[in-house]
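Let us take a walk through this structure together. Please keep the sequence and the 3D view open as you read.

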Amino acid sequence: MKQELFRKIFKNISIIILCAAIGTIVFGGSALKNYFLRTQLEEIEIKAKVIAKNFSSEKDKVREIVNKNVLDSSIVIHYDKSKNNIMRIEKFDDKSIYREITNEQLNRALNSFIDIVLSGKSINGITQLSGIKGDSIVVGEPIKDENNIDGCIIFIKFPTDLTKVLSGLYIVLTTTIILALILILAPIYLYMQRIFKPLNDMSKAAIFMSEGDFSIRIDESGNDEIGELAKSINFLAKQLEENNNKAIMLEQTRRDYVANVSHELKTPVTAIRAVAEILNDDLIRDRIDKEKYYKQILRESMRLERLIKDMLELSRLQSSSISLIKSVTPLEDILINIIDEFEVIADDMGVEFIVPSSLYKLPKVYTNKDRIIQVLIILLDNAFKFTTEDGKVLLDIKYRDEFVEVCVCDNGVGISKEDIPFIFDRFYKVDKSHSSNGTGIGLSIVWEILKHLDEEIYVESEVGKGSKFIFTIKYYTE
């Protein structure tokens, strides 16, 4: 993977540090050069004063004093008050180019300085002499005989030593800075690699997520902004993974829904068509047989109508446009009609139907009466459907702090643990061993109704021992 950002940042940091290093060399060299020249100047001033103070008329003594005080790469010149070059003492190595400077060149270069010194003033400074390369240190001291100016001493220090010192200094300074750059940039490089690794991981994660792989996770151990970004990307990947799984499940549900609808519609339509073709071909002559086939058409038509009605009902409930209006309702008004209807069914099926001992003085609830009746009809219908003859169906009420619990129990075939998580899915039928007259949508309608009413429903069941459906209805509070 390309690391253009890493290269740019590291390049810019390197350039900044390199410029700082070059600036340090230039500034440091200049500062050290000035320091060296000032130090040399102070030293030469002292020596020039010593020579001028101890000046003697005897040339041998003068030479002795000058030789003791002259420095390397230097010339000491004695001028009389007429500006005549009386004596020149120098100290150079054999290869020095300054040995070739003539007295005439020196006289021309020092002419203005000689005048100043012969006027009785001392001079000192760093200057560039005409015809001589580089900066030179020039110090001049007058020679006084009592109060009279008898001549002057001019001390010239050439930049040979300075060049050597600075050359060595630049080499040492440059070498030191190069080593410092290595020691600085190497940790910076390693640290930046460590910083940019999560960014590279994030880039890879983004590519994987764009390709549909949301399982990738990034190290989020950092406590800085990059760590927070890694946590955010991991959270995004988790959410996308969950959404992707939901989308897959939704797509599978859609396919199952289409398949189930097709299957549920196919059975009554096929039966109606088959019977209609028989009647249309006038193959049945007997009136009783014809009535039987007509009843079969009517029964399958009613089944088809019930299926379509349930599908439309579920579709309306699952849409966001529906709104269930709640109102204050006595609980007994809901239960009385339901109990009367299912007592008849219980007698016909030979099933014992157990109801609350008293249906009066029940609390008022805040709900949608018609929808709760619809929920109870579906749950009781299922309970009777899966309860064998001589079995029991129980309708019970339990009082809690903020709501009542309505329990619909039976001792029928029960539901396996594997089926319970899917019991409220559309077209999901627990009774797979034999066909059922149900549409497989009833419990889905129950779930949607209670969800819209902000109520809850629970299922407890065991195969062979029966099932218990418990849902809540909130009290009316003034």
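**A guided walk through the model**

In strand β12, Ile470 is the bridge partner of Cys407. Before we follow that pair, a word on the ground rules: this is a predicted model, in which local features need pLDDT of at least 70, side-chain atom pairs count only at pLDDT 80 or more, and totals for chains, interfaces and linings use all residues. Residues are numbered from 1 along each chain as its sequence is written, and side-chain values use heavy atoms, with hydrogens and water left out. Helices (H or I, at least four residues) and strands (E, at least two) are DSSP runs, numbered from the N terminus. Two strands pair if DSSP finds at least two bridges between them.

Now back to our starting pair. Strand β12 covers residues 466-474, and it pairs with β10 in the antiparallel sense over 8 bridges. Strand β10 also pairs with β9 (residues 392-399), again in the antiparallel sense, over 7 bridges. Here Lys398 stands opposite Glu405 of β10. With 3 residues between them, β9 and β10 form a hairpin. Is β10, then, mostly buried or exposed? Of its 8 residues (403-410), 7 are buried, so the rest of the structure largely encloses this strand. Buried means under 20% relative accessible area, exposed means over 50%, and partly exposed is in between (1.4 Å probe, protein chains only).

Next, look at the largest nonpolar core, which has 48 residues. A nonpolar core is a set of buried Ala, Val, Leu, Ile, Met, Phe, Trp, Tyr and Cys residues joined through side-chain atoms within 4.5 Å. The members that touch the most other members are Leu331, Leu335, Phe353, Leu376, Leu379, Phe469 and Phe471. Elements that each supply at least two residues of this core include α6 (287-318), α7 (331-349), β9, β10 and β12. The largest share, 9 residues, comes from α8. To see one member close up, pick Leu331: leaving aside its neighbours within four places in sequence, Leu331 is in contact with Leu362, Pro363, Val365, Ile397, Val404 and Ile473. Contact means heavy atoms within 4.5 Å. There is also a second, separate core of 20 residues, and Ile77, Leu129, Ile132 and Cys152 are among them.

Let us move on to another sheet. In this open sheet, 5 strands follow the order β2-β1-β5-β4-β3, with antiparallel pairing. The edge strands, β2 and β3, each pair on one side only. From one strand to the next, the twist averages 15 degrees. Strands β1 and β2 pair over 6 bridges, and Ser74 stands opposite Lys91 in β2. Helix α3 packs on the sheet and touches β1, β2, β3, β4 and β5, with its direction making about 130 degrees with that of β5. Axes are lines fitted to C-alpha atoms, for helices over the stretch in contact, and angles run from 0 to 180 degrees between N-to-C directions.

How far does α3 (residues 103-118) span between its end C-alpha atoms? The helix spans only 18 Å, whereas a straight helix of 16 residues would span 22 Å at 1.5 Å a residue. The expected span is 1.5 Å times one less than the number of residues. At Leu110, α3 bends by about 60 degrees; the bend at a residue is the angle between axes fitted to the seven residues ending there and the seven starting there. Leu110 is also one of the buried residues of α3, along with Leu106, Ala109, Ile114, Val117 and Leu118. Just after this helix, Gly120 takes a positive phi of about 105 degrees.

Asn234 is in helix α5 (residues 225-280), and at 7% relative accessibility Asn234 counts as buried. In helix α6 you will find Glu300, which counts as buried at 12% relative accessibility. Lys417, in the loop between β10 and α9, counts as exposed at 72% relative accessibility. Lys417 and Val463 are 46 residues apart in sequence, yet 8.4 Å apart in space, C-alpha to C-alpha.
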